[in-house]
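Please open the model in a viewer and keep the selection panel at hand.

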Amino acid sequence: MTKPDTDLYPPLIKAAPTIFGVLFGISIVLISLILEMYVTGLSWSYKNFIQIHQNNPVLFIIGTAPVILGVMFFIIGQQHFKLRQSVAETQREKKLLQTFIDTVPGHINMKDASGNYLLMNQFQRDYFGWEPHDIIGKSITPHAENAKEHHAVLQSRKTEVFERELTDKNGNKDWWLHSRSPILDEQGHVAYVATSALNISERKLYEQKYAQTAKELEAILENASLGIFVVSTASRAITRVNKQFENMMGYSREELLGQNTRLFYLSDEDWAALGQRAYPKLAQGQTHREEVRWRDKGGSLHWIMLTGAIVDPDNGEDAIWLIDDVTARREAEEAVRQKEKELQRKTDLLETTFSNISQGIAFVDEDYKVAVCNSVFLDMLDFPKELGREGTPVEELFRYRALKGNYGSGDVEEFVKKRMERTLSGDTHHFEYERSNGTTLEVVGKKMPSGGFVNTYTDITQHKNAQQQISSLLNHADQGFLSFGPDLIVHPQYSLACTNFFGTKPANHKITDLLGNGFDQEFFDSCIHQVFNSPDEFQKQMFLGLLPKEFGFNQQYFSASYRFIDERHLMMVLTNISEERRLEEELTSSHDELKMIVNYVRERKTIQDLINDFRVFLARLEWSIEDGGPDWHETYRQIHTFKGLFMQFSFRHLTDAIHRSEDNLQKLSKDHKRQELVDSVDAKTLFKALDLDLAIIVDQLGDAHIDHHSAPQHYLYRMQKLQKAHPQLEQDDTFISLMDEVKKSQKKEMKNLLSPYLSGLELIAEKANRKVDGVEFCGDEIYVHAEEYRPFLKSLIHVFRNAVKHGIEETDKRIEIGKPEEGKVTCELLDKQDFFEMKISDDGHGIDVNAITNKAISLGLIDPIKAEGLNHQEKMMLIFQDEFSTTEEANELSGRGIGLSAVKKELDDLNGSVKVETTPLQGTSFTFSLPYEADQALNANSSN
């Protein structure tokens, strides 16, 4: 304890208790002596005093008691003084302590074990707006966790440090760092809990800003255009990458983290060498920059610019690297180097050629002065060598020729002026000039992009003579010979056959105007431009090979071939092939007819059933008007299916007629009338087309092979219609028995029912540039009622055709990706007792489900938002929607968007279901599940 200041306690005050005790004791003694003398009557003397007290102990005690009391008062006075001094000192120190903690810019308080405040500084009271009498001796919890944390300190007996956001009396919020410490008594129990809090709002604000800045930097790094990765300098293992790094190297973040950077290098030596070059520099605080060769996940090689530095120079544990793919730049630099070498080679070649070429060449600069010319030019025009020097004005050349009389007689300067005006106009010129010595020069002048122009002079005397001879020869040939230049204008020299072919003299006409409209004129023009202007001979021949080989005009067909006469003249040879084309069409027609006859002989029963089904369909179309009219979608689906089936059996006339009926149906408006739909199908025309095909069969096989009457299923349809009109027949046992017998007679093995419809797949594959060796059947033998399943089986032709046309890749593509040249289509049948499964599979490239979804959205078949909620199988089922097709234009093979919707309709009629599975580059399978009544006897016989 601090010693008190003596100035606060004057000597008199300090001695007051002692003086008071002494005086009080003396006064008591004197009073007792006076009383004793008075009682005994003795006079005062020391001797009498001793004698009285010896003879009377009571008086002794009475006499000495005041003295003792006086001494006691003296001692008590001294102790009281010390006590007051101690209390004053304590109050003073308490005041000093309160003054000290009140000046602290933070919260300070003390609580007892019960949580009551014993002490709180002024800062905290002012912060919360409390008065001392409101808190001392009470428990106030400005925060819900206060009591819980107080109890935690009592339990742990350890100092607790934590951060908390508090609200002051004005509603302002601050962050505070609290330190709560226990004060133990002599028994080791927590007697008090002292708390101090420091305002850390500024630090918190800084932390928040730092966190936000770190987040922004993180976003910048993550989305940077450069690849960024961090590695451990000790192990060179990757600890962090950004999105661009993932994209550049083709790995996911999960695949990269923890991997060694050796993953990207072509060899261990390359990886180790980079480490030896780079990491010592990084350790010294330097930046390392180098281009290296890396391999991505897909195996592609890249040139990578690596730039690295140490993240924290103080510890050097991590290095950050930036990567930039400079492959394109390196390739461009290499291309530039190669081009420079090529340019130098061509320059050398040009210089050699320029000196030895047979043509005369003169280059004139933008100031119309001679830049360079060869000796042939000077010799051809009889110029002296001094006029060929660089810098000679062009007008001097004109003046020289004018003086020699080459321009005729007249004013020399006027001739020079006219020649200069034509030159200054910059017009391209091309003319022939006959010299006085009998030779002919071809003069071609072109303006150069950089200014000035170049003139070439070619001696074409021999060429002119040869042309005259050739013209005489060609006029006696059956082929058409003509020539044209880059402007496509036919030259005056051509054979007489050309006049007969075109019906007019072709000279000075544009060749594309003479050849009719049956070809792409824009493509023709583009190819001709490349032929005349490509610097590379290979490119010239390539574009020459792209020119059309056949033309049709004036109701005739012509083959065309092309030959270079020289660099500026192209010869075209036309040959009339009209007769060959007619023979080819007849041969093709005969070939199709032969295939139809062979198919009929091989699948007579199936084709006759198909013909009868078609006749029933057309008849039912007429009858359905009475029952409410035919449905457009149902009619379209069925007629599309019939077209595919008849095309498989090579019924050419009927297939073409059905295709036209499909076009008519598509042109109908949405509010069409029933009769309009029937008229669009045009049954009369379809019957005529069928009769034409049947007539060919009759002509070859005889009338006995043709079934001109309706098949039993037609009678079955009649019976079903009669049953619908007269429901009471359902109770007629004879009628029901007859119906059952008819149905049983049609129960056949599924493979035999399906096979005839697949006989034309090879032809479809051939037209689509694919190879397929039929359909491979496997699995169980399934027997079903033929008439019940026939519509569904006929519709399956669309699934098989799609497998061939859209699933199986083209032959070249299959070879390129390592697949067998021939595609494989299988049909697996599985007996499941109450139902059977039919799985049709191909080994093609599979179905792109995203492309299917996007196509359905573009066709308006599904809303984009709804499409996002579909699962994989639901997206696959979009291919069964009406009007869905990925083919842009309808043709005889596909493009109507009806095929698979027809399959789905027939499947629904049988209460069946379908599941589509596809694997990229491996193929697609359609699994149809259909109910049926298993015939145990038939199945047993088939298994035996």
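In which sense, left-handed or right-handed, does H22 pass H23 in their crossing? H22 passes H23 in a left-handed crossing, a term that applies if the near helix is turned anticlockwise from the far one by less than a right angle, with clockwise being right-handed.

The model is predicted, with local features requiring pLDDT of at least 70 and side-chain atom pairs counting only at pLDDT 80 or more, while totals for chains, interfaces and linings use all residues. Residues are numbered from 1 along each chain as its sequence is written, and side-chain values use heavy atoms, with hydrogens and water left out. Helices (H or I, at least four residues) and strands (E, at least two) are DSSP runs, numbered from the N terminus.

**Stop 1: H22 and H23**

Select residues 632-648 for helix H22 and residues 652-667 for helix H23. The two pack at an angle of about 160°, with their axes 9 Å apart; axes are lines fitted to C-alpha atoms, for helices over the stretch in contact, and angles run from 0 to 180 degrees between N-to-C directions. H22 is therefore roughly antiparallel to H23 (angles over 145 degrees count as roughly antiparallel, under 35 as roughly parallel, 65 to 115 as roughly perpendicular and the rest as oblique). Next, show the side chains in contact (heavy atoms within 4.5 Å). From H22 these include Trp 632, Tyr 636 and Phe 646, and from H23 they include Leu 654, Ile 658 and Leu 665. The residues of this contact divide into 9 nonpolar, 6 polar and 2 charged. In this division, Ala, Val, Leu, Ile, Met, Phe, Trp, Tyr, Cys and Pro count as nonpolar, Asp, Glu, Lys and Arg as charged, and the others, Gly among them, as polar.

**Stop 2: H18 and H19**

Move to helix H18 (residues 521-533) and helix H19 (residues 537-546), whose axes come within 8 Å and cross at roughly 155°. That angle makes H18 roughly antiparallel to H19, and their crossing is left-handed. On the H18 side, highlight Phe 523, Cys 527, Gln 530, Val 531 and Phe 532; on the H19 side, Lys 540, Phe 543, Leu 544 and Leu 546 complete the contact. Of the residues in the contact of H18 with H19, 7 are nonpolar, 1 is polar and 1 is charged.

**Stop 3: H30 and H31**

Select residues 786-795 (helix H30) and 797-807 (helix H31), which pack at an angle of about 20° with their axes 4 Å apart. H30 is therefore roughly parallel to H31. Here Leu 793, Lys 794 and Ser 795 of H30 meet Ile 797, His 798 and Val 799 of H31. The contact of H30 with H31 comprises 3 nonpolar, 2 polar and 1 charged residues.

**Stop 4: the sheet containing S1 to S5**

Switch to a cartoon view for an open sheet of 5 strands, ordered S2-S1-S5-S4-S3 with antiparallel pairing; two strands pair if DSSP finds at least two bridges between them. Its edge strands, each pairing on one side only, are S2 (117-120) and S3 (160-167). The twist averages 25° from one strand to the next. Within the sheet, 7 bridges join S1 (residues 106-112) to the antiparallel S5 (residues 190-199), and Gly 106 has Leu 198 in S5 as its bridge partner.

**Stop 5**

Another open sheet of 5 strands has the order S12-S11-S15-S14-S13, with antiparallel pairing. Strands S12 (370-373) and S13 (429-434) are its edges, each pairing on one side only. Select S14 (residues 440-447) and S15 (residues 453-459), which run antiparallel and are joined by 7 bridges. Lys 446 has Val 454 in S15 as its bridge partner.

**Stop 6: the hairpin of S16 and S17**

S16 (residues 480-484) and S17 (residues 490-494) pair in the antiparallel sense over 2 bridges. Leu 482 stands opposite Tyr 494 in S17. The hairpin has 5 residues between the strands, and Leu 488 takes a positive phi near 65°.
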